[in-house]
Amino acid sequence: MNTKIWDHFIQSLKDSMNDMAFAYVEDMVLMRMSDTQWDVSLSDMAKFNYVQSFLSERISEVLQKVLEEEKIEGHIELNYHLAGAQLQNQNRSVSGMLPFNDGYGVRDSSAIVEEKAAFVASPRRVLSENSAEPFIASVELRKASNLTERFSFENFVLGNSNDVAYAAAKAVAANPGSGDCNPLFIYGGVGLGKTHLMQAIGNEIIETSPLRVRYMTSEDFANDYIDAIQAKSVPSWRARMRDSYDVLLIDDIQFIAGKVETQKEFFNTFNYLVSANKQIVLTSDKHPSEIAELEERMRSRFGGGGTFDIQLPDYETRMAILNKKARADGVYLPNDVAAYIASKVATNVRDLEGCLNRIMTTARVRGGITLELAQRIIDPIYQTRNVMVGVDAVINCVCKYFGISSEEILGKSRAKPFAYPRQIAMYLARSHTTLSYPDLGRAFGKDHTTVLHGVQRIMDDLAKKDQSLQNDIKRLEDQLLK
Ligand code: ADP
Ligand code: MG
């Protein structure tokens, strides 16, 4: 057997794959060749992992075809090595583990099988254990991705409400762009874990492959597009959107509904990427068929991959989420307290977390989490939900407290004297009215994500023990709920 076959093989690989996949194998080097085994090395850990996990079957098929074309009978097994790791492996073989009787030292094939199994089971562990150097590529890929690291599969608690969507997300992360689920469409109410699951896909891909991932909201997309129009740079922006990413995650796609030009632009990008086998993941608060003002062709394309919904978590899942979060924060959460929170706060996971944060923060000052403390914090919010105040009452109360007008609180200025009271009003309205985020969006003349971010901001600051904020909220609540 000679190296002509190798060249034929590489050429066939090139012909049978798209450029993105071929990039993983093009600098593959043939180390040794026998009638039954070829040893090849890959230049870095990312390629080594990716090829073994996702491409090996396809590569073997191509090799078999090449053998047939070359009229060579039999089967050749490919053994992948990591460049730089060869010496060590050869030493291992030489010292009594010689697996094949063809006269040269290669490593035990069972070691490869084991390693592969370990990699599939736990990519992070193997990456850090196996690579001599830190996984440099992922640092840059991470920066460019816009992902938040804590949204991982490991941190995601499973329950009846989300396990199917989770399984689909895992499958996409293991095999991005494979076509079965492109786009993956995840939908469901506010605060139920859509963004978390979507970003978990991105985080997993970044850590296990050199694929370029990008997370953005559909509003980011719309704003970037408008900026490009204003800067007269649409063609280069468009080219960047199409050629810079292998996996595109677009959150809250419902916001492009009604924006005719942005929709069109997005649809073209979408089609371009999907036809190049790049993975797209979309989230929305509704199923594609229910998003008003979305063009029909988009509805059918968005829903044409796989659509999976996330529902409200049940009581057991809420308990599991609370316990996991407390554990992650190193806080002891007594069971009766967890049970009390889980039974009262059934709106969504975000509220559940917000509530636990408030309890943990207060407990730090007051010394320990007790049922009584939890009740004191939860009851005003979740028991008075029936004796709710109106959003106008909240806005009036906050305006009076801060000495600003309702035009100012409902206006667009992002200066702190207006933005801070506005966010507090959003938070209080969310806590003490029955209105949904979209309702609140209308009441504040803002998008529902703006309200959501405002509420989130206040919750985050409360969790950070912002004393003056705590005082403001307490006084406002005293006035509002008296
Ligand atoms: P959505 O995008 O659906 O509005 P998010 O993904 O932002 O919701 O989730 C809200 C919060 O709840 C986040 O902090 C997220 O980490 C958390 N969360 C949601 N679902 C789960 C879950 N199943 N397990 C753990 N945390 C969750
Ligand atoms: Mg979200």
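Residues are numbered from 1 along each chain as its sequence is written, and chains are lettered from A and ligands numbered from 1 in the order in which they are written. In this predicted model, local features need pLDDT of at least 70, side-chain atom pairs count only at pLDDT 80 or more, and totals for chains, interfaces and linings use all residues, while side-chain values use heavy atoms, with hydrogens and water left out.

The chain has 482 residues, and 50% of them count as buried (under 20% relative accessible area, with exposed over 50% and partly exposed in between; 1.4 Å probe, protein chains only). Its secondary structure consists of 23 helices and 8 strands (DSSP runs numbered from the N terminus: H or I of at least four residues for helices, E of at least two for strands). Among contacts (heavy atoms within 4.5 Å) with a separation of 6 or more, 72% join residues 24 or more positions apart.

The largest nonpolar core contains 57 residues (buried Ala, Val, Leu, Ile, Met, Phe, Trp, Tyr and Cys joined through side-chain atoms within 4.5 Å). Phe9, Leu13, Val25, Met28 and Ile59 have the most contacts inside this core. Helix H3 (residues 45-69) contributes the largest share, 10 residues. Beyond its neighbours within four places in sequence, Leu13 touches Phe22, Val25, Met28, Ile59 and Val62. A second, separate core has 30 residues, including Ile424, Leu428, Phe444 and Ile458.

Ligand 1 is surrounded by 18 residues (a heavy atom within 4 Å). The closest are Val157, Gly191, Thr195, His196 and Glu353. The shell divides into 7 nonpolar, 7 polar and 4 charged residues (Ala, Val, Leu, Ile, Met, Phe, Trp, Tyr, Cys and Pro are nonpolar; Asp, Glu, Lys and Arg are charged; the others, Gly among them, are polar). Helices H9 (194-208) and H16 (349-366) each supply at least two shell residues. A backbone N or O atom of Val157 lies 2.8 Å from a nitrogen atom of ligand 1. For Gly191, a backbone N or O atom is 2.7 Å from an oxygen atom of the ligand. A side-chain N or O atom of Lys194 lies 2.8 Å from an oxygen atom of ligand 1. Alone, ligand 1 exposes 560 Å², of which the protein buries 94%.

Arg142 lies in helix H7 (residues 136-145). Arg142 counts as buried because its relative accessibility is 18%. Leaving aside neighbours within four places in sequence, Arg142 contacts Leu147, Glu149, Asn203, Ile206 and Glu207. Arg142 and Arg214 are 72 residues apart in sequence, with 8.9 Å between their C-alpha atoms.

Technical notes: Polar contact = N/O pair within 3.5 Å; in protein donor to acceptor, adjacent residues only side chain to side chain. Areas by Shrake-Rupley, 256 points an atom, 1.4 Å probe, with all protein chains shown as cover.
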